[in-house]
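Thanks for coming. Please have a look at the structure first.

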Amino acid sequence: MTERLDQQSASAARRRGGGRPLGTAIRYLIFLGPAALLYVPFVLKPLIETFGLSLFAWNGVSAERTFVGLANYARALGDPIFWISLRNNLYWVVTSIVLPMATGLVIAVLLSAVRRGQRIYAGIFFTPVVLNLIIVGLVWGIIYNPLIGPLNRLLRAVGLGSLAIGWLGDRYAATPAIMVAGAWTFFGFCAVIFLQGLRTLDREQIEAATIDGAGPFRRFRKIIVPALSDQVTLLIVMSIIGSFKVFDIVYVMTKGGPDHASEVIATYMYWQSFMNGSLGYGAALAVMLTAVVAGASLAMMALRERD
Amino acid sequence: MGISLFKTGLLASALLSVALTTGPSLAATTVLNVWDQFFSEEPNKLMNEFVAEFQKAHPGVEIKRNVLDTDSIRATLPAALTAGQGPDLFYYDAGPAFLGPLVEAGLVADLTQEYAARGWDKSLVDWPVERVTYGNKIWGVPNEIEYTNVYVDLAVLDQLGMKDKLVADKDHPELLTLKSLDDFKAILEASKAKGIVPIAFGNRDPGRGGHLFSYFLTLTAGKDLVDKILFGDGRWDDPKVIDAWKLYKDYSTAGYYPPSPNAISYDEGNALFFNGAAATNITGTWLVGDIMGQVADPSKIDFFLLPSVSADLPLSAAAGIGSTFAVAEKSPNKQLALDFLDFIMSKDAGKRWLKEANIVPPIKDIDIKGLDLPPMMQRVVEGATLPLSYNLDVVMPAEWNDAMKTGTQSLLDGSSTPEDVAARMEQAWEKAKAEGRIWKAH
């Protein structure tokens, strides 16, 4: 039936003399036009211009720009701070996938069993998501403070004083400390997304599994987790993008220090562009960051579709 | 005919309404856009007063202030000026990494002639003006002399029985100093023994460590060696530079800084001192305003200057101007901007900078008698007349600053040695020098 309608519409189009391609083009234009009006000037154009900028040595103000080709990219490959930043971004990806998603999933499963006040509890867990990251950074900065921070006080109180260190000033502890603060802002979001997925779960399937003798862990692993695969994909892609774009919380808590140890690409890019007067190099870092984010997101979605 | 008359009437009405609505406002108001960094309470209040008074004296002039913190103005001003959307007048870092590129790009007005025309060449102190001089031309008007010093809690010092260590300088009796650095060490040791933090110090933002380094370099090497490095054939891996780093590191090893200074912010470090938990605080005269405003009893706070390592070096400190006023080359209101600068850099205004904002303006011969300045502020004014050296971060290129600032952190966590840091600074300096990105006043 549909096929016949398509044939009729195609032959009608041919009779009108315009043919199908023109009609399709107009239809594309109508649907894509409004989005393109925003996308082209505010996304595509800056992206192309940033790539163009990355091919020059430029301090951002000089009238002269020196064309250097791909030298800024080569410079990044030989720059140890770039590699520290990239490594930290990868840590962020792993941590933000594991920590908040695992916590969020556990909370969602527990909340799904709550009969009364589920929305209130979900709202409470969601609160950190709506907080400004600058505020989050300041609050966690106090928590980690070696002089007055509650974390070190707690450690000393329970006899773990040897673990009480200057968290944000220690080159090995700074990045994990910021990541914990970052994860705190994301787990509530994960919980709400998983909770929504759990609401669409087929209860009969779980009951059947229970009758068949499947324990809670087995039901969780074999039924609940596979049923949440769409949510998992969404959150992983968001985690990847968010982890590579992370800037504000790092900037507020350590500015990438000490000695660049907690630097991520975005903070390093900002420093190179606006504090070090290397806008061309900063642009190259931005392009590399965009390529990594796009590549990782596409790979993730391709993997998901293959499954 | 009737229609034509109607059209004519309509046109006349339209023209009249346009003239009535837009005409007067165009003629009446000239807007002077000013971007500054006076976000602290007292300087901000004073700037607002200056603006109001200038507007009152210049009918038809409106001054629009955009108050930004240092990072924000660094991130936005160059792009704004390049795009022709920036301010007419701005208050910006004077160094070769900041004002320097704007000067080279032709975005800043050359004020050399104005100095002669407006008498600034005679009314302003020479060395601050030199800090805004590139290639023999003057590009800014500095408004603040600031230098490093050691604040001391007199109550704590008394408690330690160390008050007699403070002595008046032989050449500048109004200024307090110590007989030797050993006396400073004695104060620090006594503080440590009493469980009081000897030096309040937070280096999470390593600019603070940079101030300590600049100060210690003044003590070990003096201004002459720094001049030799900046303008001659001196090197940043000179043994005296390494000595300065060793002094910085030794104080850490001896436990004179609070635990984990790299994890403590500048404000948190200052709070230790303000609350009486630390005996001393090595920072700069820019903190006087905060001390007056935040310490419950400011009269118990005073400052002294550290004696140099060698007796043949004069009493000194690391000094700078922080930021400078500059006029945008493309500004259509240059003369108005300069008039405003003239107004806020007059001797009368200078007294108000001192009295109301705790800022020492680089204006010569301000008579401070009758201003009723607190004793500490009087000492600050006196100290500004010393042969001061350089607060280095302001006059150095960005990558050198990065090597120096990260060095202050890596020395504290033991991942670098003084020799490593000095070598990295020299390497960064040579690179910037080869690329012509260093400060060349003349």
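Predicted model: local features only at pLDDT ≥ 70, side-chain atom pairs only at ≥ 80, totals over all residues.

As background, side chains of opposite charge can pair when their charged atoms come close.

Start with helix α5 of chain B, which covers residues 112–118. Here E114(B) pairs with R118(B), and their closest N and O atoms lie 2.8 Å apart. Why do these two sit about one helical turn from each other? Because they are four residues apart in that helix. E114(B) has a relative accessibility of 17%, so it counts as buried, the limit being under 20%.

The second pair is R379(B) and D302(B), with 2.9 Å between the closest N and O atoms. This one links distant parts of the chain: R379(B) belongs to helix α17, residues 375–383, while D302(B) belongs to strand β12, residues 301–304. The two residues are 77 positions apart. Are they buried or exposed? R379(B) is buried, at 19% relative accessible area, and D302(B) is buried too, at 8%.

E356(B) forms a salt bridge with R352(B), the closest N and O atoms being 3.4 Å apart. E356(B) is partly exposed, at 31% relative accessibility. This pair also belongs to a network: salt bridges with shared partners connect K45(B), E49(B), E53(B), R352(B) and E356(B).

That is it from me.

Terms used
Residues numbered from 1 in each chain as written. Chains lettered and ligands numbered in written order. Heavy atoms only, no water. Salt bridge = Lys/Arg side-chain N within 4 Å of Asp/Glu carboxyl O. Buried < 20%, exposed > 50% of the residue type's maximum accessible area, 1.4 Å probe, protein only.
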